[in-house]
Amino acid sequence: MGGSHIRIKDLCVLHEQHKILTNITVDIPPKGVTAIIGPSGCGKTTLLRCMNRLIDETEGMQVKGEVWLDNVNIYGPGVDVTEIRTRVGLLAPKPFPLPMSIYENVAYGPRIHGWKLDRKENNSLGLDQIVERHLREAGLWEEVKDRLRSSASRLSTGQQQRLCLARALAIEPDVLLCDEPTSALDPKAAQRIESQLRELKETRTIVVVTHLLRQARRLADHIVFLWLGELVESGPASQVFGAPRDERTRAYLAGDIG
Ligand SMILES: Nc1ncnc2c1ncn2[C@@H]1O[C@H](COP(=O)(O)OP(=O)(O)OP(=O)(O)O)[C@@H](O)[C@H]1O
Ligand SMILES: [Mg+2]
């Protein structure tokens, strides 16, 4: 397992006649955390949803351009969208555990597809081991190991978000997309998610949408800065934060806009 390289080329997204993203060309290097930042409505979530074709599910969206996941253009002909979504997992802003036990939440993905794919490391393991492994990766194992069969809805919100992280990891994605992953959490629960993401970035490509600049500074190795549907600047976090090239980036980081 290793993080995939994502290369986005001339990506345009329209909703009816309205331009949401215009000519986005950007590289998301393998492994590490890439943060997508920018003011509300600039297109961060839309860009994220283009990376696993979840955007297809929104009526009226038109996508042009290319999104390469290693050597596959996921908008190319003959692409299997279900397979793409097993390679690119998603953590949503709010935890939404499935109405079943903690164990079944994590076992769900491997049961329905991930387990059967040849390249998966899961294949050498039994389901109990798979569940344990991904709960550990999400930093939840110690808290739930004695009540795996109890309902996921009884967990705290922060625990539920880590359970959703375990569920996303259970299909062994190469890429994990996170849209404002801590927005529903208190600071302590948010910290837990951030520290798990920091561990996971060693083996996976992690893309985090956040409107919290402090979170981006804590987490990100690379920054993508969007403004009104356009890419203004991208690069290593140290460069974008330390010496932004564009005036709009400088103003946004200074808190003057957005
Ligand atoms: N389903 C939709 N139908 C029509 N327009 C949409 C839809 N989803 C998003 N948009 C529009 O696309 C633009 C970008 O939205 P998006 O949600 O990607 O922004 P964002 O940067 O994630 O904002 P926020 O920080 O508020 O979450 C906005 O102008 C929004 O109104
Ligand atoms: Mg958003």
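These legends walk through several close-up views of one predicted model.

In this predicted model, local features need pLDDT of at least 70 and side-chain atom pairs count only at pLDDT 80 or more, while totals for chains, interfaces and linings use all residues. Residues are numbered from 1 along each chain as its sequence is written, chains are lettered from A and ligands numbered from 1 in the order in which they are written, and side-chain values use heavy atoms, with hydrogens and water left out.

**View 1**
Strands (E, at least two residues) and helices (H or I, at least four) are DSSP runs, numbered from the N terminus, and two strands pair if DSSP finds at least two bridges between them. Strand 7 runs parallel to strand 8, joined by 5 bridges, and Leu-176 has Ile-206 in strand 8 as its bridge partner.

**View 1**

Strand 1 (residues 6-15) and strand 2 run antiparallel and are joined by 7 bridges. Look for Leu-14, which stands opposite Lys-19 in strand 2.

**View 2. The largest nonpolar core.**
A nonpolar core is a set of buried Ala, Val, Leu, Ile, Met, Phe, Trp, Tyr and Cys residues joined through side-chain atoms within 4.5 Å. The largest one has 35 residues, and those with the most contacts inside it include Ile-102, Leu-135, Leu-163 and Leu-197. Among the elements that each supply at least two residues of this core are helix 3 (102-112), helix 4 (127-137), helix 6 (157-169) and strand 7 (175-179). Helix 6 gives the most, with 6 residues. Apart from this core lies another, of 28 residues, with Leu-11, Ile-20, Ile-28 and Ile-74 among them.

**View 3. Helix 4 and its two neighbours in packing.**
The axes of helix 4 and helix 6 come within 8 Å and cross at roughly 125 degrees; axes are lines fitted to C-alpha atoms, for helices over the stretch in contact, and angles run from 0 to 180 degrees between N-to-C directions. Helix 4 and helix 6 are therefore oblique to each other. On this scale, angles under 35 degrees count as roughly parallel, over 145 as roughly antiparallel, 65 to 115 as roughly perpendicular and the rest as oblique. His-134, Leu-135 and Glu-137 of helix 4 make the contact with Leu-163, Ala-166 and Leu-169 of helix 6, where contact means heavy atoms within 4.5 Å. Helix 3 and helix 4 pack at about 110 degrees, with their axes 9 Å apart, and are therefore roughly perpendicular to each other.

Thr-46 sits in helix 1 (residues 44-50) and is buried, with a relative accessible area of 13%. Not counting residues up to four places away in sequence, Thr-46 touches Val-13, Ile-20, Leu-21 and Ile-55. Most residues other than glycine have a negative phi. Glu-180, however, has a phi near 45 degrees; this residue is in the loop between strand 7 and helix 7 and counts as buried at 17% relative accessibility. Phi of Leu-228 is near 45 degrees as well. Leu-228 lies in the loop between strand 9 and strand 10 (230-236) and is exposed, with a relative accessible area of 68%.

Definitions and conventions: Buried < 20%, exposed > 50% of the residue type's maximum accessible area, 1.4 Å probe, protein only.
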